[in-house]
Amino acid sequence: MTFTITNPRRHPEQDNPSFLTSTLSSSSVSMASLQDSLSDHGSTKDLQYDFYRDSCPDAQQIVRSKMVDAYSQQKDISAALLRLFFHDCFVHGCDASVLLDDSHGNRSFSIEKQAVPNKSLRGFDIIDRIKEEIERVCPGIVSCADIISLATRDGIILAGGPYYPVFTGRRDSIRSYYEDVLNEIPNPDDTITRILHLFLLKGFNERETVSLLGGHNIGKMSCEFIQNRLYNFNGTGKPDPTIAANFLNKIRVKCQGDNNSRVRNGLFESMDSGASNIQELASSLPSGEGFDTHYYENLMMGQGLLFADQQLMAEEKTARLVRAYASDDGSTFRLDFAAAMVKMSNLGVLTGSQGEVRLNCSLPLFSSK
């Protein structure tokens, strides 16, 4: 995949929410080469850049405005939406099935939200607010699947991440896929073999996988989520030997006495969402400034919080990519991450007459009244 993105590094004014609009309007992207490249993956021929230019020309501006408002009140909304987006796209494609509160119009069917890896997903409220405003302006036109994709991209930019184009024209699934979540969403305790296998099933090579996991450089994570790594790794009664000793001591002090916290973000996790949030850790310590190379630098020092993250150093084929991303000013990572996000946003999309455009993102059309 080849495309050009201007300004790959973090702009000094990027902490100002108004930067989002100027970035989106001024970014130079080779759309023709992108569309040709994505068409090779067989799912984008009916997607277009600015699909709603005639039917709902204000759609992207509404998403943008609502995301700026949300981010100004809650900085970790970017990480929450990135994770929500990932969990949606990895199960039967980017079709907003993860948003449904029923399946096939029948609330007796289990839904993706109820699956263990999804129980602590957040961000549903901002998607609903965006949808409500768009429905007021353009009823029945803009899909929930497109809203998730656009809002995630805008959240990444607000968090200091790179711009990437989002093709639109997706349709929404009419059902949820509870039974597939456990098999398709990576687990935070997965080995590198398992991680690479799950990403390969979605068409991602090793480089794309390592770049996507760099999304863990924003957001926060609870202490309880890594308690076993700190004290009883794999039932041994000892800490995970891959954790650097000084880092182990630092985290033990940071998390001392914390038994009830929960994960706040990450591309994957499997904690129950009912626990209270007492102690949080930045997803990589020491925390860097937004989308930079600190995630990869920390992995090289044995300071990845999740076992699955640190597993990127377990094999040379991924460790060399970690070292490569950590070795420059972050431009390589940001460009690769942007390209991989474009690819992910086109996984298994429904287009044309497939699926539907929901009026309420949590309900299929025949249940939304």
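Predicted model: local features only at pLDDT ≥ 70, side-chain atom pairs only at ≥ 80, totals over all residues.
With -100° about the S-S bond, the link of C144 and C361 is left-handed, and it joins distant parts of the chain, since C144 lies in helix α6 while C361 lies in the segment after α15 (331–344), 217 residues apart. Both of these cysteines, C144 and C361, are buried, and their sulfur atoms are 2.1 Å apart.

Let me turn to the other disulfides, of which the structure holds four in total. One of them joins C56 to C138, and this link is right-handed, with 85° about the S-S bond. Here C56 sits in the loop between β1 (48–49) and α3 (59–73), and C138 sits in the loop between α5 (124–137) and α6 (144–158), 82 residues apart. Another is formed by C223 and C255, and because the torsion about its S-S bond is about -75°, the disulfide of C223 and C255 is left-handed. Counting bonded cysteines along the protein chain, the pattern reads 1-4, 2-3, 5-8, 6-7.

Now to the aromatic rings, where a search of the whole structure finds 13 pairs. In one of them, the rings of Y325 and F333 have centres 6.0 Å apart and planes at 70°, so this pair is edge-to-face. Y325 and F333 are both buried, and they belong to one aromatic cluster together with Y295, Y296 and F337.

Finally, there are charges over rings: the charged end of K75 sits over the ring of Y71, 5.0 Å from its centre, and that of K113 sits over the ring of F124, 4.5 Å from its centre.

Key:
Residues numbered from 1 in each chain as written. Heavy atoms only, no water. Phe/Tyr/Trp six-rings, centres within 6.5 Å; stacked < 30°, edge-to-face > 60°. Buried < 20%, exposed > 50% of the residue type's maximum accessible area, 1.4 Å probe, protein only. Lys NZ or Arg CZ within 6 Å of the ring centre and 35° of its normal. Disulfide = S-S within 2.5 Å. Helix = DSSP H or I, 4+ residues; strand = E, 2+ residues; numbered from the N terminus.
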